[in-house]
Each structure stands twice: as structure tokens, then as C-alpha cells.
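The sequence and structure are shown first.

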Amino acid sequence: MNRPTDVRELLFGDTWEYSPAPQSADFADYRDQYGHFIDGEFVEDDEYFESVNPATEETLAEFALADASTVDRAVDAARDAYETWQQTPPSERAKYIFRIGRMIKEKSREIAVLESMDGGKPIRESRDIDIPLAAAHFFHYAGWADKLEYAFPGAEASSIGVCGQVIPWNFPLLMAAWKIAPALATGNTVVIKPAETTPLTAMKLAEIVQEAGLPPGVVNIVTGAGDTGSAIVEHPDVDKVAFTGSTQVGKVIQRAVAGTDKRLTLELGGKGSNIVFDDAPIDQAVEGIINGIYFNQGHVCCAGSRLLVQENVHDEVVAKLQHRMETLRVGAPLDKNTDVGAINSKQQLDKITDLVEAGVEEGCELYQPSCEMPDTGYFFEPTFFTNVTPSNRIAQEEIFGPVLSVMTFRTPDEAVRKANNTPYGLACGVWTDKGSKLFNVAGELDCGVVWGNTYNQFDPGSPFGGYKESGFGREGGRQGLLAYLELDET
Ligand code: NAI
Ligand code: MG
């Protein structure tokens, strides 16, 4: 194990110390127990489960556990509401969607704190990225609601019906926004289930939806785990299923929906590459690599979890990466200095640990900086491996943690071949000084998103989605409307 404990001291002496800058959680208001949000009301259920704060391992709140009969109630409410919602004038629908976006903005400080407490992500990220982007998504789709007739020339667009939506724990509120905003703009109604480790901000959103006066039943939020998710997916009165999560569950859902006339979109896993050519601005690329894999502890479907670096700059890039990693601060999600927060759950920490052990056993060389680690909670050191070959497990499987696999290439063709050598196809980054090279390589990559000299940039106007085992369908922008519309040629 290559772990130079004295590098930080060598680099910075003892002058590079941050005093803690904790974000107060005093104003964050949440209940001990939440029911489901069905037909505009919070309703209780027989069973409850706990969601913990992964940085402290303490229980944050209890949430109702929906079984098939509760899901049935929610789908019924969504069906009833659909009759009027689909007839509601589009500019009226837009007002509600806009109002939800505005209320998220108004409560953004509080929601950011809750998001970090329930999921473990650094407050800097929930405050500056997750919550503003969630609001932006509602604003964007509010704008589309009354322009659907112009969005697809030559076709008449109509709504689909009741949408069953299941989302993961890595961007809890943002994924809820990605699912709910386009569905409402297009005149559909929704039954959505947040992930079992991060349901808190979804229930905050339920409060916002209620306060915004959205007609009852248009948005229903039920909580629970995989069984609740499959009850939604398999419900006969659900017309459209939208899922974001693991490829494994995505395949189960695809089988469940096969042979029915349900519409389906899947946004699944990834094994993205950052491709760094020798003519790239190296310092900038190193920032992009860091952002690509350590943002949100690497719990990102489009994470740049593989680094493909041109062989002649490998040593320089790796040295700069080590240097930069010495400044990463791992710790309390609510500390404004924190760069890498808590791993979302014990289960996810175990998975990351197993895969990192597999990397070591397969002969890859591990590097971890000499950062201080918290004593309690689920944390994992920012890590990278060199001496990785494309067949190693850490080069093939989605780790969904702060772990990077570094490989080399000599020619653009080899870079493309290696980048495409994965069952996934979600995102890549290309780093070069030459625009023509960037566009040529981007065109050869089998993935939904290619970033040029940057990484992990999101905008509600820009479609996002995958190829191969990363799923199908697009979210965001005009293309994101298609998943929620029936188009008839005129
Ligand atoms: P998961 O895919 O099981 O969970 C995602 C959502 O699906 C949750 O809301 C869960 O309750 C629900 N779900 C689980 N089983 C279901 C079923 N049979 N039918 C309907 N819904 C179901 O992901 P999990 O177990 O939390 O994480 C396992 C691995 O999946 C992670 O280690 C990571 O590699 C990957 N993952 C990838 C995500 C992505 O966005 N690419 C998101 C979450 C996990
Ligand atoms: Mg939690």
C-alpha cells in the first residue's frame, strides 16, 4: 500500500489548517415520523422504517413503508387527478410548476441541510448544486408546459397518464425534480418513490407541493424499499415507468414491464472515462478528474471513474493528481470546508471496500492521500489505482464510490477502444487543446454525454441519458419531454 503519510506536511508544513466551519442545522425543520403523501394529504401506514444520517449513524426520522395496497391507493389518486389535470390549461399547469420551483428556492438553505444530513453529501454540493439545479429543473419545465404544440413540429403531443417513478439515493431531490417536473408539464400525474436511505427531502417536497396548492393526487409520494418500487412498476394502472438506479434493478424492471403497454425509460449505471491527451491543459484536467470522481463521494452514475491518460504524460498527471488529493478534506457533510462527505450507507461502504480489495488482489497499485478520517460514520478515503488493465474488476464494474482506475493509451483509436470497452455508455470527458481532435473522439464514443475540457456539468436544458446497459430515454431539455408524451403525426 502506497500511503505517504508525511506528504501533506512536506507540501504545506503545518500552515494548511482549516478551522471547522459547520453549517448550523438548527433551522432545519423535520419531523420524527413521516407518512406517505397521497391525494394531497399525509397518510399513516402500519409499518415504518428508519433513515439514518450516514455521517453519525444516528436515526434521523422514520418513514412509512408502503405495501401493494398503499401503492394501489396512490395510483388510484393519481388516476382520478389525471382526468382533470390533463384538461387543465397548460399555462395554469406552468404556474404550479413554477411555484414549486420558487418554493424550493425559498427554502433552499433548509433543504440543502436536510439533504446533507440524510444522504451524507457535502453541504457545499447540496447548497450550490443539488438544490439550485432541482429548482432550475422546475423552472425549465414550467416554461415548456404551454409550448408543447410547437416542440415537435408535424406531430400532435398528448399526455400519457399515470407515471410510476422510482429514484435513487445519490441526488435525492434533484432526481425527484428530474422525474416530476417534465411529467407535470406534459399533463401527466405521478406516483414517485424516493430511495429508502434518503426519503427526507422528498417529504419536504411533498410539503411544498401541498403548500403550492397543486390539485390533490397530481403528485403522490410513497416511501419504502425495493418491494414498494416493484409494486409501483407492476401496478396495472400505471401507464409509464421511469427508473433511475442500478443496472441490476433496471433489468428486473425491464422484464416486469415487457409484454405490457407501459412506456419505460431507464437511467442506469455507468463507468465513465476521462480521456486526457498529452496536449491537454494538464492542471485543468486534474481538476476535472478530481471533480469527475470525488464529487458526491463518487456516488454519481456519470462519474469519471476511469482515467485514460496518454502514456507520455501519465507520470506527470499522476504526480499532479497525488499533489491535488493531499488538499481534499474528508469529513462532516455539514462542514463548509468538506470536499468528500459520508458514504451513503453501510451497505454501499461494504461494496466499495470489497471492490477496492479486489483491485489490490488483482495487482493494481493503490494510492490514498494522508487525509484525516472521521472516527464515526461511513467514510472512505479518496482513492486511485494505477497499473490497472481493462479486464480488472475495478475497470469494469461500477464502484459508485470515490475510487478511480488509471489506465494509459498511445493513440486516439486506442483511447476510444478502451473507453468503449465497458457494458455501460453514459458519459465521458475528453481533454485536449485541439478542437478537431475533441470532436472526432467525441463522435466515436458510445455514450450519451461527452464533456469537452470539463466534467460533470449539468443544465436542465441539456438532455442526459445513456446507451447500452446505462439505459435508454433522455432527461432534460426538449428531448426530456418525449418520455412523457404521446406523439401523433398530423
Ligand atoms: P437500487 O437500484 O436497488 O435502488 C434504486 C431505487 O430502486 C431505490 O429507490 C430502490 O428502493 C428501488 N428498487 C430496488 N429494487 C427494486 C425493484 N425490484 N423494483 C423497483 N424498484 C426497486 O440501488 P442500490 O441497491 O441502492 O445500490 C446498489 C448499486 O447500484 C450501487 O452500488 C450502485 O453501483 C448502483 N446504483 C446506481 C445508481 C445510478 O444512478 N447509476 C443509483 C443507485 C445505485
Ligand atoms: Mg439517510
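Strands β17 and β18 run parallel and are joined by four bridges. Within this pairing, A427 has V449 in β18 as its bridge partner. The coordinates belong to a predicted model.

On its other pairing, β17 runs parallel to strand β12 (residues 273-276), again through four bridges. Here G429 in β17 stands opposite N274. Strand β17 covers residues 427-431, and five of its five residues are buried, so the strand is largely enclosed by the rest of the structure. A427, G429 and W431 point one way from β17, while C428 and V430 point the other way; all of them are buried.

β1 runs parallel to strand β5 (residues 58-64), and two bridges join them. Y34 has F63 as its bridge partner in β5.

Two packed helices are described by the angle between their axes and the distance between the axes. The table gives these values for two helix pairs.

| Helix pair | Residues | Axes come within | Crossing angle |
|---|---|---|---|
| α11 and α12 | 282-294 and 314-325 | 10 Å | roughly 60 degrees |
| α7 and α8 | 172-185 and 200-211 | 8 Å | roughly 50 degrees |

The axes of α11 and α12 cross at roughly 60 degrees, which makes α11 oblique to α12. α11 passes α12 in a right-handed crossing. On the α11 side the contact is made by I282, D283, V286, I289 and I290, and on the α12 side by E316, V317, K320, L321 and R324. The residues of this contact of α11 with α12 comprise six nonpolar, no polar and four charged.

For α7 and α8, the axes cross at roughly 50 degrees, and α7 is therefore oblique to α8. The crossing of α7 and α8 is right-handed. P172, L173 and A176 of α7 meet T201, A202 and L205 of α8. The contact of α7 with α8 divides into five nonpolar residues, one polar and no charged.

**Loop residues**

Is D39, in its loop, buried or exposed, or does it lie in between? D39 is located in the loop between β2 (36-38) and β3 (41-43). D39 has 18 C-beta neighbours inside 10 Å and therefore counts as partly exposed. Although D39 is not a glycine, its phi is positive, at about 55 degrees.

N456 likewise is not a glycine and has a positive phi of about 55 degrees. Its place is in the loop between β18 and β19 (471-472). N456 counts as buried because 20 C-beta neighbours lie inside 10 Å, the cut-off for a buried residue being 20 or more.

V238 occupies the loop between α9 (226-234) and β10 (240-244). With 24 C-beta neighbours inside 10 Å, V238 counts as buried. Which residues surround V238, leaving aside its neighbours within four places in sequence? V238 is in contact with V75, V162, G164, I232 and K262. V238 and D413 are 45 Å apart in space, C-alpha to C-alpha, and 175 residues apart in sequence.

Key. Residues are numbered from 1 along each chain as its sequence is written. Chains are lettered from A and ligands numbered from 1 in the order in which they are written. This is a predicted model: local features need pLDDT of at least 70, side-chain atom pairs count only at pLDDT 80 or more; totals for chains, interfaces and linings use all residues. A residue is buried if 20 or more other C-beta atoms lie within 10 Å of its own, exposed if 12 or fewer, and partly exposed in between; C-beta atoms are placed from the backbone. Two residues are in contact if their C-beta atoms, placed from the backbone, lie within 7 Å. Axes are lines fitted to C-alpha atoms, for helices over the stretch in contact, and angles run from 0 to 180 degrees between N-to-C directions. Angles under 35 degrees count as roughly parallel, over 145 as roughly antiparallel, 65 to 115 as roughly perpendicular and the rest as oblique. A crossing is left-handed if the near helix is turned anticlockwise from the far one by less than a right angle, and right-handed if clockwise. Ala, Val, Leu, Ile, Met, Phe, Trp, Tyr, Cys and Pro count as nonpolar, Asp, Glu, Lys and Arg as charged, and the others, Gly among them, as polar. Two strands pair if DSSP finds at least two bridges between them.
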